[in-house]
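Reader: I'd like to learn how to read strands, sheets and helix packing off a model. Could you walk me through it?

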Amino acid sequence: MKNKNKYTPGRQSLFWQIYPAFLAVVALAVLITGIFSARLFKNELINHTKRELFIAATTIREILYNSPFDRSYLDEECKDLGRKTGVRITYIALNGTVLCDSEKDPATMDNHADRPEFKAALETGTGTSIRYSHTLEKDMMYFALALRNPAKGHPEGVLRTSVPLASIKIVLQKRYGELLYTGLLVVLIAAVVSFVTVKALTRPLEKLREGAERLASGNFNYRIQPEGTRELYRVAEALNQMALQINKHIETISQRQKELEAIFNNMAEGLLLINGNGEIVQINKTLCKMIGSRSSEIKNISQIPSLINIYENTMNSGKCVEDEIIFTAGKEETHVRVRSVLIEEGGGERGVLMVLSDITRLKQLEEIRRQFVANVSHELKTPLTAIKGCIETIQNEESSAPLSASKTFLDIIAKNADRMHAIIEDLLTLARIEQQEQTKRLDIQSCHLARILNSAVESAMPGAREKNILLHVDCEKGLAAELNASLMEQAVFNLVDNAVKYSEEGTRVEIKACRDNNDIVIQVIDEGPGIPPEHLPHIFERFYRVDKSRSRKLGGTGLGLSIVKHIAQLHGGRVEVKSTPGKGTTFTIRIPVQHKNLI
Ligand code: ADP
């Protein structure tokens, strides 16, 4: 479509639009003035000549009147006066006969009764005419004066004076020439003056144009130097002000843009803006990370297959679409919740905005929770089944059954009840520690490590004695730390108890504590069967056991090491394990001396 508002600039500059017009006006004015002046000159000259002819005629009339009427004398007189004045003098009788003439022989001349000046003189007393003289064969100007009261016997007639028009023309041409030169001079002066004036007027405009062009090309730091007339000065100032404002706006916009980009790229959610043609308009870093690509690589929604359906559904339905998808980058799986809405882009175009939230952690937690519930149910189910079985057996037994048999069943019930109690106790301990972990608050006090180790060893002593296992405590002298004593004692006890449980009779368990730079290090070293390497990454998981039946037989809950791990984490530290199957296992708790969780 043709743009109606399209501006087509004129080819000529302002100078060439003003200057010739200015010059033309001046030239026209000079021309008109010249023509009028020329006419005025001409009329003035003719009137002047007429007046001279009139003066000559009246003077000659007087001379003639004072002379006796003698045709040959008068003719001589005429010729003499004509030579002296340079004026042709003709005396014509009333019937048109030429009585005397200063130029020609009157006898050879025509009758002049038909001459217009002669006729006019007879009618009005004077007459003038400019015409061709057949007698002299050239253009002449005539003045005729009627002689009404002839004296000294002069007949009535007409005295005519005349001059050749050529002499008037010469004067006129001279004047015209002067006029032309003057006119040309005026035009020349006007040309120079108008050139300087128009230049002075257009130069600031030219500067203004240059400045405006620079601003239009985007150089908003450029400032136009105001000059010229007040109006131009104001225009320049207005343009400078405009540039300043635009600069400010641009700064604000780019600042906003940066802020938006920062928000856009640092959002925890992935963001994707797609236009109606499926082209990616915007994609943020979080989403790129999710799909394991760089933003420059992704140009079209077809490059993200798992989002195509959601995009098409949103475009077709125009409604908000929500779905859960999985991105797989290498071995890693990212679970994502997608919320997709239709948006109107600038210009009424439709597009789709997708917000993708990473719910992998949520999914993992859900899975952990599910597994945990399954594990707890399973762990509790086993002793509960045993208890139930025993009770049913006792109930079905003959009353005559020996008491010892019932005693055995009751022992089994008691053992399984203890087991369930132990599991629940451990679960409650874990829940308590986890809660403290979440609130990041832990009650601590300065404790001597030796006291904690001895206390834990004392608790494990009965089991150790049963198996003739030597528990040896080696604590750095005076070693103290800010920690929660009962929790740390519980952690050390769990490790010592495990070492006693899983080690062979007559072995030795070493319990050490020392300071390593900024850490407190507690180690429980046994000479037990060790843990196969493939189990090491899992032994701190809840209910994980290397040998399930053995653990159960030994009264293990599968939660002991998990509790140790959480207690270490609660103190800002960690627990590590090193084990050599057949030789023994070393558990190391490492906690920093100063920890922000400690209050
Ligand atoms: P459990 O109550 O079964 O002992 P734990 O969480 O304390 O549960 O330990 C997890 C598993 O790690 C145990 O079942 C056992 O197989 C293994 N384990 C723990 N400590 C030792 C140790 N000192 N020597 C050998 N195996 C151990």
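Reader: How many bridges pair strand 3 with strand 4?
Author: Two strands count as paired if DSSP finds at least two bridges between them. Helices (H or I, at least four residues) and strands (E, at least two) are DSSP runs, numbered from the N terminus. Here strand 3 and strand 4 (residues 138–147) are antiparallel, with eight bridges. One spot to look at: glycine 127 sits opposite alanine 144 in strand 4.

Reader: Before we go on, what am I looking at?
Author: It's a predicted model, where local features need pLDDT of at least 70 and side-chain atom pairs count only at pLDDT 80 or more, while totals for chains, interfaces and linings use all residues. Residues are numbered from 1 along each chain as its sequence is written, and side-chain values use heavy atoms, leaving out hydrogens and water.

Reader: In what order do the five strands of the open sheet run?
Author: The order is 2-1-5-4-3, with antiparallel pairing. Strand 2 (98–101) and strand 3 (126–133) are the edges, each pairing on one side only. From one strand to the next, the twist averages 20°. Helix 1 (residues 14–65) packs on this sheet, touching strand 1 (88–93), strand 3, strand 4 and strand 5 (157–164). Contact means heavy atoms within 4.5 Å.

Reader: And how do I read two helices packed together?
Author: You describe them by the angle between their axes and the distance between the axes. Axes are lines fitted to C-alpha atoms, for helices over the stretch in contact, and angles run from 0 to 180 degrees between N-to-C directions. In this model, the axes of helix 11 (residues 485–502) and helix 13 (residues 560–570) come within 9 Å, crossing at roughly 145°. Residues making the contact include Leu487 and Met488 of helix 11, and Leu561 and Ile563 of helix 13.

Reader: Is strand 17 largely enclosed or open?
Author: Buried means under 20% relative accessible area, exposed over 50%, and partly exposed in between (1.4 Å probe, protein chains only). Eight of the nine residues of strand 17 (residues 584–592) are buried, so the rest of the structure largely encloses strand 17.

Reader: Which residue of strand 17 is the bridge partner of valine 524?
Author: That's phenylalanine 587. Strand 15 (residues 519–525) runs antiparallel to strand 17, joined by seven bridges. Strand 16 (residues 574–580) also pairs with strand 17 in the antiparallel sense, over seven bridges, and valine 577 stands opposite phenylalanine 587. Three residues separate strand 16 and strand 17 in a hairpin, where glycine 582 in the turn has a positive phi of about 90°.
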